[in-house]
Amino acid sequence: MHQHDVPTIDVREAARRTGDPADGAAPLIVDVRELDEFTWLRVPDTLLLPISRFALGFRQLPTDRPLLVLCKSGGRSAMATDFLLRSGFPEVHNIAGGILAWQAAG
């Protein structure tokens, strides 16, 4: 799977899913930016798992709820999404445009 082939949703759909999940458990937003980026601007109720520690910490992520992966603009989160899918996580989506798109959408 290549970066452009990973399942992707836009920020409005991510906000809709986290605010009112249609079925099952609410999705968890996993922010893969580094701590300094996360403290600057973040989406409420997200889990920080920096890409620099991702390979060591990804096994602690839940497999019983959808994961929505976020970074600054979508590149790192696409790589993390691909990695999680290849590692057997059943439902993972990249958030297109990252935190910059989230901020722009209000």
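A crossover is right-handed if, with the strands pointing away from the viewer, the path from the first strand over the helix to the second runs clockwise. Keep that view in mind for the first stop; the model on screen is a predicted one.

**Stop 1**

Select strand β4 (residues 67-70), helix α4 (residues 75-86) and strand β5 (residues 92-95). Together, β4, α4 and β5 make a right-handed β-α-β unit.

Now show the side chains of β4. Leu67 and Val69 lie on one side of the strand, Leu68 and Leu70 on the other. All four are buried, so that both faces of β4 are covered.

**Stop 2: Ile95**

Move along β5 to Ile95, which belongs to that strand. Is Ile95 buried or exposed? Its relative accessible area is 0%, and because buried means under 20%, Ile95 is buried. Select what surrounds Ile95: setting aside residues up to four places away in sequence, the residues it touches include Leu68, Val69 and Leu70. Gly74 and Ser77 are also on the list, as are Ile9, Val11, Ala14, Ile29 and Trp102. For a distance to check in the viewer, take the C-alpha atoms of Ile95 and Leu68: they are 6.4 Å apart in space, while the two residues are 27 apart in sequence.

**Stop 3: helix α4**

Which residues of α4 are buried? They are Ser77, Ala78, Ala80, Thr81, Asp82 and Leu84. An α-helix has 3.6 residues a turn, so residues three or four places apart point the same way. The buried residues of α4 pack against α3 (54-57), β4 and β5. Just past the end of the helix, select Gly88, where phi is positive, at about 100 degrees.

**Stop 4**

A search of the whole structure gives 4 aromatic pairs. Begin with Phe54 and Phe83: their ring centres are 6.0 Å apart and their planes meet at 75 degrees, so the pair is edge-to-face. Phe54 is in helix α3 and Phe83 in helix α4, so this pair ties together parts that are 29 residues apart in sequence. Colour the two by accessibility: Phe54 is buried, with a relative accessible area of 4%, whereas Phe83, at 26%, counts as partly exposed.

Phe58 counts as buried at 7% relative accessibility. Finish by selecting Phe89 as well: ring pairs link Phe54, Phe58, Phe83 and Phe89 into a cluster.

**Stop 5: strand β2 and its two partners**

Select strand β2 (residues 28-31), which pairs with β4 in the parallel sense over 4 bridges. Val30 stands opposite Val69 in β4, and the partner of Asp31 in β4 is Leu70. Both faces of β2 are covered: Leu28 and Val30 on one side, Ile29 and Asp31 on the other, are all buried.

β2 and β3 pair in the parallel sense over 3 bridges, and Val30 has Leu47 as its bridge partner in β3. Trace the chain from β2 through α2 to β3; this β-α-β crossover is right-handed.

**Stop 6: Glu37**

Stay on helix α2 (residues 35-40) and select Glu37. At 18% relative accessibility, Glu37 counts as buried, because the cut-off is 20%. What does its side chain meet? The side chain of Glu37 makes a polar contact of 2.9 Å with the side chain of Arg76. Apart from neighbours within four places in sequence, Glu37 is in contact with Lys72 and Arg76.

Terms used. Residues are numbered from 1 along each chain as its sequence is written. This is a predicted model: local features need pLDDT of at least 70, side-chain atom pairs count only at pLDDT 80 or more; totals for chains, interfaces and linings use all residues. Side-chain values use heavy atoms; hydrogens and water are left out. Helices (H or I, at least four residues) and strands (E, at least two) are DSSP runs, numbered from the N terminus. Buried means under 20% relative accessible area, exposed over 50%, partly exposed in between (1.4 Å probe, protein chains only). Contact means heavy atoms within 4.5 Å. Two strands pair if DSSP finds at least two bridges between them. A polar contact is a pair of N or O atoms within 3.5 Å; within protein, one must be able to donate a hydrogen and the other to accept it, and residues adjacent in sequence count only if both atoms are side-chain atoms. Rings of Phe, Tyr and Trp (its six-membered ring) pair if their centres lie within 6.5 Å; planes under 30 degrees apart count as stacked, over 60 as edge-to-face and the rest as tilted.
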